[in-house]
Amino acid sequence: MIKQKIVLRFPPHVVEQPVIYHLIKDYNLMVNILRADINPRKEGRLMMELSGEDADYRRAVQWLKKQELKIINLEQQISWSEERCTHCGACTVICPTGALNFERPGMTVRFEEDKCIICELCLRACPARAMEALAENANGR
Amino acid sequence: MKINRTIEEINGKIKAGKAVVFTAEEIIAVVREKGVEEAARTVDVVTTGTFGPMCSSGAFLNVGHSKPRIKLNEVTLNGVEAYSGIAAVDLYIGATALPKNDPANRNYPGDFSYGGGHVIEDLVAGKEVHLEAKAYGTDCYPRKKYETLFRLDEINEATLYNPRNAYQNYNVAVNLGQKTIYTYMGILKPNLGNANYSSAGQLSPLFNDPLLKTIGIGTRIFLGGGIGYVAWHGTQHNPSVERLENGNPKYPAATLALIGDLKQMQPRWLRGLSYLGYGATLQVGLGVPIPILSEEIMGYCAVSDADLQAPIVDYCGAYPNRESDNLGHVSYAELRSGTITVQGKQLPTASLSSYAGAREIAATLKAWIGKGSFSLTAPSAGLPSVEAGIKFKPMPDRDPEGQEG
């Protein structure tokens, strides 16, 4: 079994393809969509959690790549600069999933990447600007 | 037995490497175990700390004279406006100053990604800062324009002077309204979505000397990672508010004006901040040593978060409209637990002041005293306390066109 959060980036010419249908029907994957949008240039972005058999997942990834979709592992999208972080905690009440939380009683902020859904609310909620969205294609696989 | 210790005696022990020092967090357990009298007998100094956003902060700079000379008039540092209404090449860069063309809240909520606090952080970090200046030109200061890059070590003086720091207690901010608001207390979600506070509580300097019996003008402190001094009481100093039995205020009360040489400070403890929809500011790290001169002082230093109360204030209605109603009080122990209850609703809390930072500052100051590199000073004058009878004034409201006040 594999469980992986990914971001799919759709170039304009495939944005209308029923990709999710194929992931479920042809590759037997469970799909949990976290966020989806299409920008004015008709490029699509889909964040989701995929789970299923390892072999199915690998075949699905190959198929997605063939469709010219860019696949990015989700946890690499947002980074926390420990050096910039002053451990105030302003982010902890804004983060909807608790990925950013206080370690008590030490009262230090920690970032649990696996809980992050890239809502990006922390980027501007952090007064010290310790949270960064990585360049969108930098970590594409 | 009465404990009577003098600053001179403490300094003698510091010099000999024999001073007994605890942080304001550690001392709580010491007093709980040994009692106030025994703790007062054995402990010489308690160190405090706080690391929070403090808007009333800034630095005086003397950038030296150009050739030919210029009397700086309109000045920006990395685009951020500096105040030049003093002598020719003296400036003040305030923590909340913004670039001239900053969109501010025109694109609400504004980002405020760079301001005076960031200029100060960049200076302390040794980065080059871009100065642009205009002047009207005089016979003695003929130049009308100047542009240069400079670093902190290349200018004559850089003095951090913060008119108001170290607030003794602060509001807990909540939002009773229907939509998210963006405040200097952070992002407040609607319908009591969260509660933000801003104090180091039991570690905070003025909670450990509530009636200002040891802290005064000239008290040497940890400021911005270096050495600083208490210059005066801070602006909005209001020791007259209602107090708990332990002497601590139930509302924001005393404040300190602080001064120190920026050149020996560290960017780690002077951090430019951007408050979404509000503005730019500076996070200031400071720590004050409390000399244990008597059992009374020891008793004050033993205060814990459970014994300290903060008022809960609605930042949607009551605060902006300067209405005095508050939604009750809550202890710092509850605040630090992560959840408080307001109007029957449980809401998550977050601090804007870094407790971890405060703890580290108190520990650093303790280490400095322990190795003999930091000695205590006796204040040259006290600060006005409860007996001064200070009345906190609102802004006068008179019509300049009217015939009578």
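1. Among the strands that line the largest pocket, β3(B) contributes the most, giving 3 residues to the lining. This strand spans residues 50-53 of chain B, and it is joined by β10 (157-165), β12 (181-183) and β22 (309-314), each of the four supplying at least two residues of that lining.

2. The structure is a predicted model, scored at ipTM 0.92 and pTM 0.91. For chain B the mean pLDDT is 97, with 99% of its residues at 70 or more.

3. As for volume, the largest pocket holds about 1,400 Å³ of space. Its lining is made up of 44 residues, of which B:Tyr170, B:Asn171, B:Tyr184, B:Gln236 and B:Tyr319 are the closest to the centre of the pocket. Sorted by class, the lining of the largest pocket comprises 24 nonpolar residues, 15 polar ones and 5 charged ones.

4. The buried residues of α6(B) begin with a run at B:Tyr355, B:Ala356, B:Gly357 and B:Ala358, and continue with B:Ile361, B:Ala362, B:Leu365, B:Trp368 and B:Ile369. Just after this helix, B:Gly372 adopts a positive phi of about 85 degrees.

Methods. Residues numbered from 1 in each chain as written. Chains lettered and ligands numbered in written order. Predicted model: local features only at pLDDT ≥ 70, side-chain atom pairs only at ≥ 80, totals over all residues. Heavy atoms only, no water. pLDDT = per-residue confidence, 0-100. Buried < 20%, exposed > 50% of the residue type's maximum accessible area, 1.4 Å probe, protein only. 1 Å grid on protein atoms, 1.4 Å probe; cavity = no way out; pocket = protein on both sides within 12 Å on 5 of 7 lines; lining within 4 Å. Points joined across faces, edges and corners; volume = space filled by probe spheres on them. Nonpolar A, V, L, I, M, F, W, Y, C, P; charged D, E, K, R; others polar.
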